[in-house]
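Thanks for coming, everyone. Please bring the structure up on your screens, and I will walk you through a few places in turn.

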Amino acid sequence: MASGSVADQEGQVMLLGFWFSAFVKRVEWALKLKGIEYDYVEEDLANKSTLLLTSNPIHKKVPVLIHNGNPIAESLVIIEYIDETWKQNTILPQDPYERAMARFWANFIEQKVTEPIREALVSQGEQQEKKVKELKEAMEVVEGEAKAKLNDKTLFFGGGNGVGYVDIVLGWTCNWMETIEEVGGFKVLDPESQPQFHKWMANVREVPFIKTTLEPKEKLVEFFRMVRQDRLGLVANK
């Protein structure tokens, strides 16, 4: 059983995941932040289990959280469910406006950072250049928000020294982004033009419940190289 020091008093909690998935890590971090004990089930995405297929019949993807026998899919939906179900260590802001803004930035990250970098990984030439340009523009916006929100006393977007919703949603960048850049042969991260964002990444890497779950870069490089080669191979054979 994976961990959190607080015993679950509302039924069994199970997480279906895959080791490389940043979306799964988000859910793990939310559970660990809350201190919820849960069973982790590693899926074989080449041979998906009946449990995964019946728990997420529409998308057939991880992560899936199963609580009291009820499956919940999609990482952002799961995080909000976790926050509403277990009240300790709140993830989303309590103030309605701040909560709305956190959701806005989470959606921005998904649409303007997460999806384009996935597409950049498995493309080349003009198509990849287009996605990299989109990413650089998005990172300028993220850096602007970091400059507005973060300082020596406020280390995280969640406020003060506390990790919050936006930190969890964006947290994958502190480990996955450099790896994808290396494998894809492009560059988006730049300490000189993104100083506040890089300070934030350094702070996130040191959060205990995040630090212990980050995969070795070498392992991620090997996996993402395989993903890129497979996808480009499929395109070439069409």
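In this predicted model, the helices α4, α5 (125–149) and α6 (165–170) each supply at least two residues of the lining of the second largest pocket, and α4 gives the largest share of that lining, 5 residues. Helices (H or I, at least four residues) and strands (E, at least two) are DSSP runs, numbered from the N terminus. A pocket is found on a 1 Å grid over the protein atoms alone, as an open set of points where a 1.4 Å probe fits, with protein on both sides within 12 Å along at least five of seven lines, and its lining residues have an atom within 4 Å of a point.

The second largest pocket has a volume of about 350 Å³, where a volume is the space filled by probe spheres set on the points, and grid points are joined across faces, edges and corners. Of the 23 residues that line this pocket, the closest to its centre are Lys149, Phe157, Gly158, Gly159 and Val166. By class, its lining has 13 nonpolar, 6 polar and 4 charged residues; here Ala, Val, Leu, Ile, Met, Phe, Trp, Tyr, Cys and Pro count as nonpolar, Asp, Glu, Lys and Arg as charged, and the others, Gly among them, as polar.

What is the volume of the largest pocket? It is about 1200 Å³, and of the 36 residues that line the largest pocket, the closest to its centre are Phe20, Ser21, Phe23, Lys61 and Arg118. The lining of the largest pocket divides into 21 nonpolar, 5 polar and 10 charged residues.

Now to a pair of helices. The axes of α4 (residues 96–121) and α7 (residues 176–184) come within 9 Å and cross at roughly 30°, which makes α4 roughly parallel to α7, a label for angles under 35 degrees. Axes are lines fitted to C-alpha atoms, for helices over the stretch in contact, and angles run from 0 to 180 degrees between N-to-C directions. Val113, Ile117 and Leu121 in α4 meet Met177, Ile180, Val183 and Gly184 in α7, contact being heavy atoms within 4.5 Å. These contact residues divide into 6 nonpolar, 1 polar and no charged.

Finally, look at the loop between α2 (50–55) and β3 (64–67), where Pro63 is found. The peptide bond from Val62 to Pro63 is cis, with omega near 5°. Lys60 lies in the loop between α2 and β3 and has a positive phi of about 60° although it is not a glycine. Most residues other than glycine have a negative phi, and most peptide bonds are trans.

A word on conventions: residues are numbered from 1 along each chain as its sequence is written, and side-chain values use heavy atoms, with hydrogens and water left out. Because this is a predicted model, local features need pLDDT of at least 70 and side-chain atom pairs count only at pLDDT 80 or more, whereas totals for chains, interfaces and linings use all residues.

Methods
Angles under 35 degrees count as roughly parallel, over 145 as roughly antiparallel, 65 to 115 as roughly perpendicular and the rest as oblique.
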